[in-house]
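I opened this notebook to keep track of what I looked up, starting with the aromatic rings. Come along with me, and keep the viewer open.

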Amino acid sequence: MEELIKDTMNLISMPSYDGNDSAIRDCFNYTSEIFRKYGIPVRHYKSLDVRRQRTTLVASFDENPRVVLAGHLDVMPAEESQFNPIIIKDRIYGRGSCDMKGSDAVYINVMSKLAKSKSRPSVGVMFTTDEEIGGDRCARHIIHDRKIFTQENCDFAIAGEPTGLDVAVKEKPVLQLIVRAGGKAAHGSRPYEGENAVYNLYSGIRKLRKEFGLNSRRNFWAPSFNLGVIRGGKAPNQVPDSAEAEIDIRYTENERKEDIIETVRRIFPDSEIKLEVSMLFTDSHNRHVKLLEESRFNITGSKSSRNFSTVYS
């Protein structure tokens with residue numbers, strides 16, 4: 001347990017948000033050193049797109065492990081103080097403690113223990129560095145380009161995202177779009193001579209909120225809508241003639257992606273898709289899922305209260 005706590009605290013102290021390449025390298029060096037200490041081969045893979053290049057760490061006992069522990073070393077940006085982890089009443093607090101450097105430390109701990117066994121199992125770890133910005137580079141490169149962890153040579157993957165220890169077998173698809181609104185420029189002292197693009201933008205956003213509703217903890221498995229970024233205007237004394245926003249929509253198997261895009265473009269004809277992530281689903285009767293449920297029950301004394309994840313990128 002001491003090693004697990006130490007690794008978690010050390011990883012949290014590295015501010016590995018997107019763009020902070022030195023901290024991401026520190027995470028790679030830290031985890032690689034531990035794996036090599038136990039004789040576990042480590043490989044680093046860079047994605048093919050040079051302009052958006054990200055690196056993935058793979059540590060495994062064999063070339064094509066049948067089970068993969070999937071994690072990510074990147075975190076969301078935060079205040080500097082949040083990268084100074086603290087322990088309060090047996091809980092570790094700090095950026096990434098839950099999502100997901102705590103799980104990364106567990107993976108390290110698991111692999112170090114398996115490394116000591118007489119017969120090393122076909123298990124590997126994959127640490128990506130782009131999960132918090134969409135996750136469309138690292139894992140895709142490993143699976144599609146490097147042919148590692150494919151359906152043909154890998155039986156099961158565990159993603160240690162926080163679920164309250166529930167065994168989640170499905171996650172909602174993600175659709176992120178950039179929507180734009182136009183207007184007419186004018187001086188701020190005579191706004192009646194112009195048309196405010198920011199007002200037009202927000203008017204459309206309000207319509208989208210009505211279309212997709214507001215989900216809650218009581219009804220999580222329903223479509224959700226979030227306005228994440230707004231850009232518009234150049235000066236407070238100028239009526240802006242253009243504005244744009246980035247929105248995040250999650251949906252279930254009961255909705256069609258095409259219908260959602262049509263709804264958005266009916267309100268915002270000038271829009272573009274920024275990111276798409278398909279629904280993640282595993283049969284709840286899968287033998288590995290059953291084993292995880294059994295382990296959960298043995299540890300906690302209870303069964304999973306839900307079978308879906310409440311967090312994703």
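**Entry: aromatic pairs**

I counted 4 aromatic pairs, where rings of Phe, Tyr and Trp (its six-membered ring) pair if their centres lie within 6.5 Å, and planes under 30 degrees apart count as stacked, over 60 as edge-to-face and the rest as tilted. One of them is Y107 with F127, a stacked pair with 6.4 Å from centre to centre and 15° between the planes. This pair links distant parts of the chain: Y107 sits in helix α3 (residues 101-115) and F127 in strand β6 (residues 123-128), 20 residues apart. I take helices (H or I, at least four residues) and strands (E, at least two) as DSSP runs, numbered from the N terminus.

Are Y107 and F127 buried or exposed? Both Y107 and F127 are buried; buried means under 20% relative accessible area, exposed over 50%, and partly exposed in between (1.4 Å probe, protein chains only).

Next I looked at F212 and F225. Their ring centres are 6.3 Å apart and their planes lie at 10°, so this pair is stacked. F212 belongs to helix α5 (residues 197-212) and F225 to strand β11 (residues 224-232), so the pair ties together parts 13 residues apart in sequence. F212 is buried, and F225 is buried too.

I also noted a cluster in which ring pairs link F35, Y107 and F127.

**Entry: ground rules**

I am working with a predicted model, so to speak with care: local features need pLDDT of at least 70, side-chain atom pairs count only at pLDDT 80 or more, and totals for chains, interfaces and linings use all residues. Residues are numbered from 1 along each chain as its sequence is written, and side-chain values use heavy atoms, with hydrogens and water left out.

**Entry: the whole protein**

I find 7 helices and 15 strands in the protein. The C-alpha trace spans about 80 × 45 × 40 Å along its principal axes. Of the 313 residues, 42% are buried.

**Entry: the sheet with β6**

In what order do the strands of the open sheet with 5 strands run? I read the order as β1-β2-β6-β3-β7, with mixed pairing; two strands pair if DSSP finds at least two bridges between them. The edge strands, β1 (42-46) and β7 (156-159), each pair on one side only. On average, neighbouring strands of this sheet are turned by 20° against each other, direction ignored (axes are lines fitted to C-alpha atoms, for helices over the stretch in contact, and angles run from 0 to 180 degrees between N-to-C directions).

Strand β6, which holds F127, runs parallel to strand β3 (residues 67-72), and 6 bridges join the two. V67 has V123 of β6 as its bridge partner.

**Entry: strand β9**

Strand β9 (residues 174-182) is mostly covered, with 7 of its 9 residues buried. I followed its pairing to strand β13 (residues 242-250), which runs antiparallel to β9 and is joined to it by 9 bridges. There, L175 stands opposite I249 in β13. β9 also pairs with strand β14 (residues 271-277), in the antiparallel sense, over 6 bridges. I178 stands opposite E272 in β14.

**Entry: a surface patch**

Which residues make the nonpolar surface patch? I found M1, I5 and I87, which make a patch of about 310 Å². Patches are made of residues with over 30% relative accessible area and no salt bridge, with like charges joined within 9 Å and nonpolar side chains (Val, Leu, Ile, Met, Phe, Trp, Tyr) within 5 Å. A salt bridge is a side-chain nitrogen of Lys or Arg within 4 Å of a carboxyl oxygen of Asp or Glu. Accessible areas come from the Shrake-Rupley method with a 1.4 Å probe, and for residues only the protein chains shown count as cover. I87 is in strand β4 (residues 86-88), and I have it as partly exposed, at a relative accessible area of 46%.
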